[in-house]
Amino acid sequence: MSKPLVAIVGRPNVGKSTLINGLAQRRVSIVEDIPGVTRDRIYCDVKWLDREFTLIDTGGIEFKDERDQISSGIRQQAELAIDEADVILFVVDARTGMTADDETIAGLLRRTGKPVVLCVNKVDSENQEMDVYEFYSLGLGDPVGISAVNRLGFGELLDRITEGFPARTEESSEDIIRTAIVGRPNVGKSTLINSLLGYQRSLVADEMGTTRDAVDSVWKFKGKTFVLVDTAGMRKKSKIDEPVEKYSVIRSIRAIDNCDVAIFILDAEDMLTEQDKKIIGYIHEAGKGLILFVNKWDTIEKGNTTNVEFEKEIRKGLPFASYAPVLFGSALTKQRIHRLGDMIYAVAEQASLRVPTAVLNDLLEDAKMVNPPPAHSGRVAKIYYMTQVGIRPPTFVMFVNDANLIHFSYVRFMENRLREAFSFEGTPIRIVIRSKK
Ligand code: GDP
Ligand code: GDP
């Protein structure tokens with residue numbers, strides 16, 4: 001279930017973006033505020049054979065004349081990505097050949113002790129293959145020659161990347177619900193975890209002078225086990241303005257990829273931002289369970305309908321996630337947070353629900369009666385049957401005579417029927433349309 005993280009590093013212009021675009025199945029760009037700069041960082045999912053991983057763009061490491069002229073924010077971003085990664089994909093350029101910066105980056109990467117795949121880009125034709133060899137001297141093993149624009153060498157590159165993944169452990173994690181606590185800095189993630197656990201977690205310092213928690217927290221509630229994954233990292237309260245505050249996105253992506261259910265925390269005093277929407281969109285696209293927790297509810301002047309109005313406002317901003325339950329509460333005063341345990345559990349159950357094919361097809365017959373699939377340029381769509389092929393998220397395949405005849409709105413209609421019948425509260429569901437002659 002855990003999806004490895006691969007960080008892509010290299011000088012500007014070596015072809016990192018081109019490579020990412022060539023490999024990406026699904027991509028999300030999330031704006032990050034690095035002190036001094038705002039940039040879009042790309043996260044994408046890559047599938048290769050039976051393996052899947054998340055590739056993140058570290059923003060490029062650039063060394064100016066003076067080594068320390070490089071914006072320390074960008075450098076730290078790259079370092080954090082490297083820190084979090086399972087495998088590092090180091091891209092160099094066959095056309096420019098090896099540069100001093102490549103050597104500096106290689107030195108930095110060797111010291112991480114992480115698996116590094118050295119990728120020599122812009123090897124557009126066979127007679128350039130010799131250009132690959134000079135990069136042996138970087139001391140990072142066999143370089144892989146590729147051409148990102150021509151999509152050459154991707155197979156070998158992907159083999160090399162996935163071979164460096166940690167072995168998949170078939171631990172009996174069935175009963176443990178991994179819960180990612182996600183949200184912007186200061187919304188109350190740490191406070192919520194401490195309140196759920198009933199004690200203050202200890203702080204562990206790392207080299208960057210910041211602090212973060214050493215382990216995910218295990219929370220036992222009503223005989224069930226939850227692993228709470230903090231995405232903020234912890235820090236001393238006095239260091240609240242340190243750059244580590246800005247780092248939450250990388251950790252969020254990683255935690256989301258590896259969770260069963262994500263609790264997205266909103267601050268009752270703030271509106272939903274574009275960044276919030278993108279991260280919630282990422283949770284949705286990743287097929288994870290989702291609960292929206294509006295925190296700091298204790299600070300709001302409330303009338304009879306305040307939460308109704310709030311909820312309406314939130315839902316308006318998140319039309320794609322209408323299945324997510326919304327809870328209002330306070331991590332600080334503990335108001336309503338005891339309900340989270342049951343909610344997380346319920347959402348995880350819904351995400352694992354299996355509907356027997358016979359039951360699905362009764363539903364399908366009913367749905368077709370109420371709303372027959374419309375004809376398209378004289379051709380009539382025929383839906384034969386439907387079956388569930390997966391859980392987490394529940395995934396259905398609908399077999400039809402011609403997939404092109406089934407409009408998006410019909411899929412939406414089917415999704416609504418499924419939800420009316422089985423709820424699936426808190427979990428996205430997927431419906432795949434397949435043509436069958
Ligand atoms: P980034 O700064 O590392 O993200 O680099 P880009 O992906 O923006 O690429 C920089 C330039 O190199 C662009 O002009 C690309 O078209 C070019 N480029 C990328 N991959 C290849 C390749 O495989 N062969 C050649 N000849 N050019 C490439
Ligand atoms: P994080 O960055 O998301 O982990 O946020 P923290 O847990 O560090 O909380 C940021 C600040 O908000 C701290 O000063 C908390 O005491 C405060 N805070 C957290 N939850 C609540 C709440 O429910 N109500 C109020 N009034 N303050 C809260």
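Analyst: Happy to. One cut-off comes first: two strands count as paired if DSSP finds at least two bridges between them. Please keep in mind that this is a predicted model.

Let us start with strand 8, which covers residues 176-182. On one side, strand 8 runs parallel to strand 13, and four bridges hold that pairing. One pair to look up there is valine 182, which stands opposite phenylalanine 264 of strand 13. Strand 8 also pairs with strand 12, again in the parallel sense, this time over six bridges. In that pairing arginine 178 faces valine 227 of strand 12.

Six strands make up an open sheet, and their order is 11-12-8-13-14-15, with mixed pairing. Strand 11 (217-221) and strand 15 (326-328) are the edge strands; each has a single partner, so one side of each has no neighbour in the sheet. On average, neighbouring strands here are turned by 25° against each other, with direction ignored. A helix belongs to this picture as well: helix 9, residues 339-351, packs on the sheet. Helix 9 touches strand 8, strand 11, strand 12, strand 13 (261-267), strand 14 (289-295) and strand 15. The direction of helix 9 makes about 160° with that of strand 14.

Strand 11 runs antiparallel to strand 12 (residues 224-230), and five bridges join the two. Phenylalanine 221 belongs to strand 11, and its opposite residue in strand 12 is lysine 224. How is phenylalanine 221 classed, as buried, partly exposed or exposed? With 15 other C-beta atoms within 10 Å, phenylalanine 221 is partly exposed; the partly exposed class lies between the buried cut-off of 20 or more and the exposed cut-off of 12 or fewer. Apart from neighbours within four places in sequence, phenylalanine 221 contacts Phe226 and Gly341. For a distance across the fold, take threonine 306: its C-alpha atom is 30 Å from that of phenylalanine 221, and the two residues are 85 apart along the chain.

Ligand 1 has 15 residues around it, with Gly15, Lys16, Ser17, Thr18 and Ala148 coming nearest. For ligand 1 the largest share, three residues, comes from helix 1 (residues 16-23). The classes in the shell of ligand 1 are eight polar, four nonpolar and three charged residues.

Another open sheet is made of three strands in the order 16-17-18, also with mixed pairing. Its edges are strand 16 (383-390) and strand 18 (430-435), each pairing on one side only. Strand 16 and strand 17 (residues 395-400) run antiparallel and are joined by six bridges, and there methionine 386 stands opposite methionine 398.

For the setting as a whole, the protein chain has eleven helices and 18 strands. Of its 437 residues, 36% count as buried.

Finally, a word on confidence. The chain's mean pLDDT is 84, and 82% of the residues reach 70 or more. Two stretches call for care: pLDDT stays under 50 over residues 204-214, where the model has 19 contacts beyond four places in sequence. Over residues 65-70 pLDDT also stays under 50, with five such contacts. The overall scores are ipTM 0.71 and pTM 0.73.

Terms used. Residues numbered from 1 in each chain as written. Chains lettered and ligands numbered in written order. Predicted model: local features only at pLDDT ≥ 70, side-chain atom pairs only at ≥ 80, totals over all residues. Axes fitted to C-alpha atoms, helices over the stretch in contact; angles between N-to-C directions. Contact = placed C-beta atoms within 7 Å. Near = placed C-beta within 6 Å. Nonpolar A, V, L, I, M, F, W, Y, C, P; charged D, E, K, R; others polar. pLDDT = per-residue confidence, 0-100.
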